[in-house]
Amino acid sequence: MNKLITFEGVDGSGKSTQIEFLKNKFDQLDIQYLSIREPGSTVISENIREILLDNKNSQLCSEAESLLFMAARAQITSEAIIPTLEDGKFVICDRYIDSTIAYQGYGRGLDIPFLKSINNYATRGNIPGLTFILDIDYELSLHRRNRQENDRMESGGGDFMNKVKGGYHQIANEGERYKVINGDKPPKEVFKSVWQIIVNSYGDMNDQ
Ligand code: TYD
């Protein structure tokens with residue numbers, strides 16, 4: 001089973017907190033992993049991230065936006081994800097291919113089969129073993145974000161975020177690797193479900 005574990009959900013869904021819990025758990029058990037975020041985590045991908053999230057780039061069209069996410073993804077896949085998996089280690093990724101389907105596909109209305117095809121190109125067909133979709137109430141996600149200023153993607157507003165959230169619900173039906181988790185619960189309880197699924201999927205974690 002592919003040791004790439006991805007976390008997905010709308011902005012403010014609590015992914016980062018769950019990833020911190022998972023990293024701590026892996027550290028305790030001495031399990032080796034790489035933890036990264038998309039877009040970003042390599043020098044080139046972080047440069048692309050700046051273009052994508054900069055509010056000054058309000059002119060960026062949806063097609064260019066998608067291709068920039070893909071460029072960042074291709075780079076991190078080739079530079080970091082594939083070599084780490086080849087070493088037999090886990091990779092924990094904050095967002096990956098499904099973010100593009102949810103945000104650019106369902107959110108922006110771009111052609112989903114085409115986005116899937118370029119996802120496949122950017123990742124060389126590398127599909128996560130497990131994908132957690134943290135499902136959260138929109139108002140709660142706004143509260144959790146709690147930032148002074150929205151980035152360019154967060155400026156999409158409630159309508160956009162609702163489309164993205166609906167998109168994740170559709171995506172969740174597309175395969176066994178998707179695990180929808182109710183993110184409205186307290187973070188520690190959410191993590192109990194996450195960890196249980198990881199153990200059920202990868203077996204005895206002391207053997208990793
Ligand atoms: P980030 O600050 O990392 O948000 P979060 O903490 O919610 O993950 O910003 C990433 C933004 O980019 C987020 O709004 C989701 C969006 N995004 C896409 O629209 N498409 C993609 O393929 C990816 C990876 C992210």
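## What counts as buried

Buried means under 20% relative accessible area, exposed means over 50%, and partly exposed covers what lies in between. Keep that in mind as we walk through some salt bridges in this predicted model. The count here comes to 12 salt bridges.

## E65 and R108

Let's start with a pair whose side chains meet in a salt bridge: E65 and R108, at 2.9 Å from N to O. The two come from distant parts of the chain, 43 residues apart. E65 is in helix α3 (residues 62-86), while R108 is in the loop between α4 (97-107) and α5 (112-123).

Is E65 buried or exposed? Its relative accessibility is 1%, so E65 counts as buried. R108 has 27% relative accessibility and therefore counts as partly exposed.

## D98 and R177

Next up is D98, which forms a salt bridge with R177; their closest N and O atoms are 2.9 Å apart. D98 belongs to helix α4, and R177 to the loop between α7 (157-171) and β5 (178-182), so this pair ties together parts 79 residues apart in sequence. Both D98 and R177 are buried.

Now back to E65 and R108 for a moment: together with R152, they are joined into one network by salt bridges that share partners.

## D87 and K89

Here's one more pair. The side chains of D87 and K89 also meet in a salt bridge, at 3.8 Å from N to O. D87 is exposed, because its relative accessible area is 56%. K89 comes in at 25%, which makes it partly exposed.

Technical notes. Residues are numbered from 1 along each chain as its sequence is written. This is a predicted model: local features need pLDDT of at least 70, side-chain atom pairs count only at pLDDT 80 or more; totals for chains, interfaces and linings use all residues. Side-chain values use heavy atoms; hydrogens and water are left out. A salt bridge is a side-chain nitrogen of Lys or Arg within 4 Å of a carboxyl oxygen of Asp or Glu. Helices (H or I, at least four residues) and strands (E, at least two) are DSSP runs, numbered from the N terminus. Buried means under 20% relative accessible area, exposed over 50%, partly exposed in between (1.4 Å probe, protein chains only).
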